[in-house]
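Hello,

Here is the structure we talked about handing over. My notes on it are below the display.

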Amino acid sequence: MKITVITVDEQFITLDVDPEESVENLKALLEVETRVPLQQQQLLFNGNELHNSSKLSSFNVKDGELLVMKVATAAPSRVANNDLNINPDGSCVNPGAFQQHVRRDSNMMTQLLQSDPELAQVILGNDLNKLQNLMRDRHQQRSHLRRQQEEELALLNADPFDVEAQKRIEAAIRQKGIDENWEAAIEHNPEAFARVVMLYVNMEVNGVPLKAFVDSGAQSTIISKSCAERCG
């Protein structure tokens with residue numbers, strides 16, 4: 001179906017979309033056309049805002065309908081790297097920036113709600129002092145656990161010919177590496193846990209149906225040799 005979107009500068013954009021397409025994918029297409037970031041777009045139909053996770057059909061958007069695009073005030077997409085750093089005692093350098101960063105990342109929040117519900121609830125709250133205290137507590141708990149693991153490794157290494165001891169040493173070393181990598185990732189590269197939207201669209205080349213990946217930053221359009229041969 002074809003729909004028309006009117007932008008804030010009164011530009012009319014006509015798009016050919018599937019009724020079952022998600023609003024998020026529609027915004028991604030509009031980002032290519034308007035250069036307005038997906039996160040800043042607000043789409044309205046009959047006065048109602050269309051939510052990213054919903055399908056166009058769920059709002060009864062039909063062929064020939066007109067949608068209105070507004071631009072929300074841009075929130076800072078990134079904060080200074082040092083604002084997300086962790087102090088030696090486990091507290092946040094900038095607890096407000098850390099809290100907002102985690103809140104905006106739905107994947108990280110989902111994982112945190114499963115692994116540490118108490119910390120997740122504090123991040124969703126408004127008490128930064130409580131957040132700092134809990135971060136220090138978690139740091140102390142990790143430090144205590146690390147010391148216990150090191151002591152256990154020392155005891156196990158006392159008898160290097162014990163097969164069961166060697167298996168436990170291997171498991172402890174593996175877990176220690178996982179924990180250290182996780183902590184390093186959270187501390188130094190928190191943006192790596194951000195959600196990335198991958199946009200695929202249905203299309204045809206010489207009547208052959210294909211699914212194409214849309215990359216708004218690409219300098220050229222490419223196609224594999226086998227796909228080109230299939231399309232004639």
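The notes go from the overall layout to the salt bridges and then to one helix.

Please keep in mind that this is a predicted model. The protein has seven helices and seven strands, and along the sequence they run in the order β-β-α-β-β-β-α-α-α-α-α-β-β-α. Of the 232 residues, 30% are buried. Taking contacts between residues at least 6 apart in sequence, 48% join residues at least 24 apart.

There are four salt bridges in the structure. One of them pairs Asp89 with Arg136, with 2.9 Å between the closest N and O atoms. Asp89 sits in the loop between strand 5 and helix 2, while Arg136 belongs to helix 5, 47 residues apart. Asp89 is partly exposed at 34% relative accessibility, and Arg136 is partly exposed at 28%.

Asp116, Glu118 and Arg138 form a network of salt bridges. Arg138 meets Asp116 at 2.6 Å, N to O. Because Arg138 lies in helix 5 and Asp116 in the loop between helix 3 and helix 4, this pair ties together parts 22 residues apart in sequence. Both Arg138 and Asp116 are buried. Arg138 also bridges to Glu118 in helix 4, the closest N and O atoms being 3.1 Å apart. Glu118 is partly exposed, at 48% relative accessible area.

Helix 4 covers residues 117-124, and Leu119, Ala120, Val122 and Ile123 in it are buried. These four lie on the same side of helix 4, because they cover an arc of only 160 degrees around the axis.

Regards

Terms used:
Residues numbered from 1 in each chain as written. Predicted model: local features only at pLDDT ≥ 70, side-chain atom pairs only at ≥ 80, totals over all residues. Heavy atoms only, no water. Buried < 20%, exposed > 50% of the residue type's maximum accessible area, 1.4 Å probe, protein only. Helix = DSSP H or I, 4+ residues; strand = E, 2+ residues; numbered from the N terminus. Arc of directions from axis to C-beta. Contact = heavy atoms within 4.5 Å. Salt bridge = Lys/Arg side-chain N within 4 Å of Asp/Glu carboxyl O.
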